[in-house]
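Visitor: I'm new to reading protein structures, and I'd like a guided look at this one. Could you take my questions one at a time?

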Amino acid sequence: MGDKGFAGTRAVRGRVVAVGAMALLVAGCGGGGGDARAAGLDKGQVASVLPDAKAVPGWRNHLEPEAQKPVPDYPPTVCVARTKEQRDTACAPVTSWGVSAFVRKADATTLNFWTLAYKDEKTADAAYDVLIKWYGGDRVGQNAEKVEIGSPGAEREANRAAVGTMAGPATIAQIRVGTTVLGISTGTTGKAVVPDKEVKAFAAMFAERAQQAQNGEKPSAALPSS
């Protein structure tokens, strides 16, 4: 995982880091199985969807929520696909994107969130199908196993490997909420596994924030203080 963008990820293009086999973790409070409304989000709304320190108590902010518009010829670093055709489907249509990242000193665990926004639900759906081929399955590490995260958003998948890119347990989750595709990853140099219930909570919270923004509300979903 790395040193300059997401906590525990490799730096690629730009200031923010891409996550190839990054470990993903999500937890939250809320969610839901479908999309109540699906409105396209602008850059400011994308930034508001990303969890901040108040939304994930107990974690230290490493990269504050920040969103930007894609630069022509350079897709968002968190949009990874194998072929040009797949990139044209998943990355070229991105209207805004952003990331936030956290660390927890107690067990050297990193927590990363990213959001990719699209003009409509159909475009986001097609992008999800492409991106899950990269972030799903055993991309988090060899012999990855499914993590049960409930039913946040319209589509979702989460996987965990005993050994990720930071040499310890890692998780990657992807969720589609209306016009957005969300990603969450965790990784550690230690041996502590982020429990399924935590991953499930992160996922629900993040999905709820995305739905709140698409409903025209200010995202407020957060994990309870311990």
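Visitor: Where does Gln-174 sit, and is Gln-174 buried or exposed?
Guide: Gln-174 belongs to strand 6; strands here are DSSP runs of E with at least two residues, helices are runs of H or I with at least four, and both are numbered from the N terminus. Burial goes by relative accessible area: under 20% is buried, over 50% is exposed, and in between is partly exposed (1.4 Å probe, protein chains only). Gln-174 has a value of 2%, so this residue counts as buried.

Visitor: Before we go on, what kind of model is this?
Guide: Residues are numbered from 1 along each chain as its sequence is written, and side-chain values use heavy atoms, leaving out hydrogens and water. Local features need pLDDT of at least 70, side-chain atom pairs count only at pLDDT 80 or more, and totals for chains, interfaces and linings use all residues, since the model is predicted.

Visitor: Which backbone oxygen does the side chain of Gln-174 reach?
Guide: We're looking for a polar contact: a pair of N or O atoms within 3.5 Å, where, within protein, one must be able to donate a hydrogen and the other to accept it, and residues adjacent in sequence count only if both atoms are side-chain atoms. At 3.2 Å, the side chain of Gln-174 reaches the backbone oxygen of Tyr-128.

Visitor: And Arg-176, which backbone oxygen does its side chain reach?
Guide: Arg-176 is in strand 6 too, which covers residues 170-177. Its relative accessible area is 6%, so Arg-176 is buried. Over a distance of 2.9 Å, its side chain reaches the backbone oxygen of Gly-178.

Visitor: How are the rings of Phe-102 and Phe-113 arranged?
Guide: Rings of Phe, Tyr and Trp (its six-membered ring) pair if their centres lie within 6.5 Å; planes under 30 degrees apart are stacked, over 60 edge-to-face, and the rest tilted. The count by this rule is 5 aromatic pairs. For Phe-102 and Phe-113, the centres are 6.1 Å apart and the planes at 80°, so the pair is edge-to-face.

Visitor: Which residues form the ring cluster?
Guide: Phe-113, in strand 3, also pairs with Phe-202, in helix 4 (residues 196-214), so parts 89 residues apart in sequence get tied together. Phe-113 and Phe-202 are both buried. Ring pairs link up a cluster made of Trp-59, Phe-102, Phe-113, Phe-202 and Phe-206.

Visitor: Which residue caps the N-terminal end of helix 3?
Guide: Helix 3 runs over residues 121-135 and has 15 residues. Its buried residues include Tyr-128 and Trp-134. At its N-terminal end, a side-chain oxygen lies 3.4 Å from the backbone nitrogen of Lys-122, and the capping residue that supplies this oxygen is Asp-120.

Methods. The expected span of a helix is 1.5 Å times one less than its number of residues.
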